[in-house]
Amino acid sequence: MARSWPFAGRAAQLAEIRSAARGLVVVGQPGVGKSRLVAQAVSEAEGVAWVRATAAAAELPLGAFAALLPSTPPSGNPLGWAADAVRAPVLVVDDAHLLDAASAALVHHLVTRGRTKVIATLRTETPAPDAVRALWKDDLLPRMELAPLTAQESAAILERALGGSVERSAVTRLWQASRGNVLYLRELVLSGVLTESGGVWRWRGPLAITPSLRDTIAGRIGGLTPDEREVLEYLAYGEPLGADLLSELAASAAVERLEERQLVTVDLEGRRLQVRLAHPLYGEVIRGGCGTLRARKLLRRLADTVTATGLRRREDVVRVAVWRLDSGPVADPGLLLAAGDRARMVRDLELAERLARAAADAGGGLPAAMALGTVLFYADRYRESEEVFAAAWNLEMDDYSRTTCGVYRTFNLFWGLGEVERALELLEETEHSVSELDARQGARGTRASIEAFVGDLDKAAATLHSTMTMGPFVEPRNVRAFGTTEATILAAQGRAAESLEVVARTGAALDRAAHALPSLRAALLDAATQAALYLGDLDTAERHADQGRRLDGEFGAWARAVVEFGTYRARALRLRGRVADALSSCREAAVRLPSRGVWAGFCLGELAHAHALLGQVDAAEEALARAEATGLPIGPPVVVPLRQAMAWTLAARGDVAGAVTALLALADQALPVQTPFLLHDVVRLGRPSLVASRITGEGPLVALFARHAVAGTGAELDGVSLEFERLGLILHAAEAAAQAARRHRDTGMTRAAQAARTRAWALSRRCQGARTPALLDLDVPELTPRQREIALLAAQGLTNREIAERLVVSIRTVANTLYAVYEKTGVSDRTALADLLLG
């Protein structure tokens, strides 16, 4: 881990400082990065002098400038003498709010005299000398308010500092903890809160802060009266707290003083005033100063006070349960189970497990066991989950509990252990062991979803139909579940439009549900993403994938969502030609895979596919080997992506014939939603005649695949390339253009061949280093240095006359050179030249 902190982002602010003729005043909160920004801005300037103001130096007149002034001042005007002594063309004054009056006057004098560019930094809302305030109040220098880092800027700095990718949930957590403060962000990273796995840095928690950061924050908090400390303690353990609630716990006057000192914030949310600590790290310091007995007392009073209000918000039950648990043993398993259910719904699985185990210890019996087994399933701890449910299976329970237990045992056997037949046998046993209609429907509907996953779509559709015609629906959850299964079956059948109609209808039903039901939402988003990809609607596919990724919870506890939808996002990026970005998305997903499970082939296959397209064959084969070792090959959704990646790895090794053979065989075993992509891969590898009559299906993308397969002329391939580009499939567009170039060349159309070749080269530059067989013999159009120079100027919009004047050549020379450029590149005007050379 790099201990020197890199600089990233802030491009607009850098440009503003560098372009400020007379100077600038940079204002921001402590630690926001003012000094680092200014240092970066003047790093390449010559003759820069630095003045760092301190409270100690402020005790002496001109103390901050002591290093820049002669040891003995002359008689006469000391301000003029000091200004003459500062000979640097650029003066940086750091922490200008700490300047003594004489030093502040000198800075003001230097600015008004105009010989020195002055850049000053000072803290937001900190009193500064009158002469410093006059710099912007009198319009002598512009004032820049430097905001904290955005989440994107924080991510860029973290990746540069750590030398690798940082998981998105870790970036979010660090950004929320630091609030974009560069100093705090750096100290949090140095505390060791991140760990590297598979080339991705992940949060390993709990939050820790370094001693130096603790001292910095404690200094910011400053001295506190006993009643002020009590307010901060309640907020440290319970924020946000309603203002009325907090007034029952602590002195209102103390809250007002803390708000004036900017140690707490008070915001109107709906009709309630909510009080929070002004910075989340204040809570770490405050809690660190509380002893165990003091903390338990605070937590019990928080729980008692919120309970007295009636637990009006959904989050209240979780907060009260945790406060009770942290303050000592809890005797109410019902409270713990209700809180655990809520924690599971928002995918805080660690908390949900803790609450379930506490409920069991409190005598929660069967409900506690069922809750624990469910949480363990979602945490990918399938064997542990199966042990819990198997122990509960022989207990006396109602039909709903029996079905729930049987379904989760089935899930463990299928998704976690790969025991397909045993899973289906257990479902049948479950259905026959219950008498209630909704319970039997739930078991049979689960069977339909499993049959769909293993690829028996006709049987799955029949099972679902028989389930939905068993009788009237009693349980609304079953209605929503059957909708997700129907959408999944339709998507797998390649009936994308019908699937999306069911997605919309079922999604509306989910929106009306009392709980979020993330599992059903995930299944529905999976179907929607497949359908969108099949139709070539990459924007919608990425949007669904991002929605699915957010089901993971605020800080990433549900690995399945990361793996499944991170992989779908990677697939959409790969289809866009953003192969390196696809690789990054897959790496982040792959580190969340369990030691063994169903999704390994799906995720690692996509990872290997991206490696193969980039020509990284050894890395591709390593990913394939890991998938073979850890995956459960139980259905086309996970088997086909892996074998497709194997084919592209063969192609990357140079065995195109072997890749084509593998793809043709795989297409015979794939789901209808997968088949057109596999057959089109054969077209991309240069064997269209083998599949020209086989590519069928609905939607514009499959139609374009079929059109590509039968394209007989260079002009037809040119058209295919343009259409791929319109749909956003840039790698496919580049490959089709390269094929068009070869077809034009074979028919003697030299200029058209050169144009198509140039287009293929330009498109391939947008594919982040992809090296597929179709693109291997592309090279940059050969331009002489003078041709390239003139071409670049023309691409930037300069006229022939302007180019001639700049290069001191004749207009005729420019025109003749551009004609030669157009001949070599195959383009015919400045707009096309700009697309080619400037991207």
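**A walk through a mostly helical model**

The protein exposes about 36100 Å², and carbon and sulfur atoms supply 51% of that area; the areas come from the Shrake-Rupley method with a 1.4 Å probe, where for residues only the protein chains shown count as cover. Keep in mind that this is a predicted model: local features need pLDDT of at least 70, side-chain atom pairs count only at pLDDT 80 or more, and totals for chains, interfaces and linings use all residues. Residues are numbered from 1 along each chain as its sequence is written, and side-chain values use heavy atoms, with hydrogens and water left out.

Now the overall picture. Along the principal axes, the C-alpha atoms fill a box of roughly 105 × 90 × 45 Å. Inside it you'll find 42 helices and 11 strands, taken as DSSP runs (H or I of at least four residues for helices, E of at least two for strands) and numbered from the N terminus. Of the 839 residues, 54% are buried, where buried means under 20% relative accessible area, exposed means over 50%, and partly exposed is in between (1.4 Å probe, protein chains only). Take the contacts (heavy atoms within 4.5 Å) between residues at least 6 apart in sequence: 66% of them join residues at least 24 apart.

On to the cores. In soluble globular proteins, nonpolar side chains tend to be buried together. A nonpolar core here is a set of buried Ala, Val, Leu, Ile, Met, Phe, Trp, Tyr and Cys residues joined through side-chain atoms within 4.5 Å. The largest one has 202 residues, and those with the most contacts inside it are Leu-174, Leu-194, Trp-415, Ile-695 and Phe-724. Helix α30 (residues 600-613) gives the most to this core, with 9 residues. A second, separate core has 34 residues, including Val-51, Ala-85, Leu-110 and Leu-135.

Leu-135 also takes us to helix α5 (residues 130-137), whose buried residues are Ala-131, Val-132, Ala-134, Leu-135 and Trp-136. Their cover includes β1 (23-28), α4 (101-113), β4 (117-123) and β5 (143-145). Just after α5, Asp-139 takes a positive phi of about 60 degrees.

Next, some strands, which pair if DSSP finds at least two bridges between them. An open sheet of 3 strands runs in the order β6-β8-β7, with mixed pairing. β6 (165-166) and β7 (194-197) stand at the edges with a single partner strand each, so one side of each has no neighbour in the sheet. β6 runs parallel to β8 (residues 200-203), joined by 2 bridges, and Val-166 has Trp-201 as its bridge partner in β8.

Further along, a cis peptide bond joins Glu-239 and Pro-240, with omega about -5 degrees; Pro-240 is in the loop between α10 (226-238) and β9. Strand β9 (residues 241-242) then runs antiparallel to β11 (residues 272-277) through 2 bridges. β11 is also joined to β10 (residues 264-269), again antiparallel, by 6 bridges. β10 and β11 form a hairpin with 2 residues between them, and Gly-270 in the turn has a positive phi of about 70 degrees.

Finally, two arginines with positive phi. Arg-179, at about 55 degrees, is in the loop between α7 (168-178) and α8 (182-190), and its 40% relative accessibility makes it partly exposed. Arg-347, with phi near 60 degrees, lies in the loop between α16 (333-345) and α17 (349-361), and at 2% relative accessibility Arg-347 counts as buried.
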